[in-house]
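Dear colleague,

Please find below the structure that I promised to hand over. After it I set out, with some care, what was found in it.

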Amino acid sequence: SDVCSSDLDYSPSAASTDIKKGTVLLDQMVVALRRSLDGVTRPFYVPGSQLLFKPDIWVSVIAWTPFLCSGAQSVLHQGWLLTPDNMTDFMQGVTKGLARLEAHIARIAAIVIDELDTIKMQSERMMGALFDESVVSVPLAPSIPMAAPDTGFVNMIQTGLLALQLLPQHSAGGLIVITDGVINIPDVNILDPLLNHLRTKMTSLSFLQVSSSYHPHEIGRAHV
């Protein structure tokens, strides 16, 4: 049997529109997840024989966001024995879980944006009245922090590794990260232990990029 953990990179950059395909990147992540799981669960004949191999695939799906607050990360499925017969039910659960997560993240993002606007306005006032003691000080950062791009990348991989450890043992493990490709490689002192952990656990790490390649000549176009 094999185990697989899929991480959906629900960072703010994934909410943008792919002007080459005319779709939102978040929607493309669901399509990429379905196609990847269709491929790994499809039975196939062993080359050189008539033996039909039907793998047992245990799957966990996690939607990861950089917001450091309750409910910002969602486990959509944990330890699901996936087969071609129950793929439709599996994807329906993923879609419903993502809809709830998107609504929650929208509320969090609205709070963060309002606080950032307030911080900007107060900073401008303070610059104009440096010696005015009546000016009330405000926090210099939003109340809901976000993970930095480099540490967020590491946290996302570590979350996927934890999900693999909770699946049945004595199995070949694979971690799939579905992302828009807007990531930052962490410092080598942080990246080396992570790569060593993947190697010692014999865990394969794959990336699926859903965004289109760079297309500078189509920047002037837009989709509403």
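Leaving aside its neighbours within four places in sequence, with which residues is serine 5 in contact? Before the answer, please note that this is a predicted model, in which local features need pLDDT of at least 70 and side-chain atom pairs count only at pLDDT 80 or more, while totals for chains, interfaces and linings use all residues. Residues are numbered from 1 along each chain as its sequence is written, and side-chain values use heavy atoms, with hydrogens and water left out.

With those neighbours set aside, serine 5 is in contact with Ser60, Gly160, Ala163, Leu164, Gly174, Leu175 and Ile176, where contact means heavy atoms within 4.5 Å. Serine 5 lies in strand 1 (residues 2-9); helices (H or I, at least four residues) and strands (E, at least two) are DSSP runs, numbered from the N terminus. Serine 5 counts as buried because its relative accessibility is 0%, given that buried means under 20% relative accessible area, exposed over 50%, and partly exposed in between (1.4 Å probe, protein chains only).

Five strands form an open sheet in the order 7-6-1-8-9, with mixed pairing, and two strands pair if DSSP finds at least two bridges between them. Its edge strands, each of which pairs on one side only, are strand 7 (74-82) and strand 9 (203-209). Strand 8 (residues 172-179) pairs with strand 9 in the parallel sense over seven bridges, and glutamine 209 in strand 9 is the bridge partner of threonine 179.

Proline 66 sits in the loop between strand 6 (57-64) and strand 7, and this proline 66 is buried, with a relative accessible area of 6%.

The rings of phenylalanine 153 and phenylalanine 207 are stacked, since their planes are at 15°, and their centres are 6.2 Å apart. This pair links distant parts of the chain, with phenylalanine 153 in helix 3 (residues 149-165) and phenylalanine 207 in strand 9, 54 residues apart.

With kind regards

Methods: Rings of Phe, Tyr and Trp (its six-membered ring) pair if their centres lie within 6.5 Å; planes under 30 degrees apart count as stacked, over 60 as edge-to-face and the rest as tilted.
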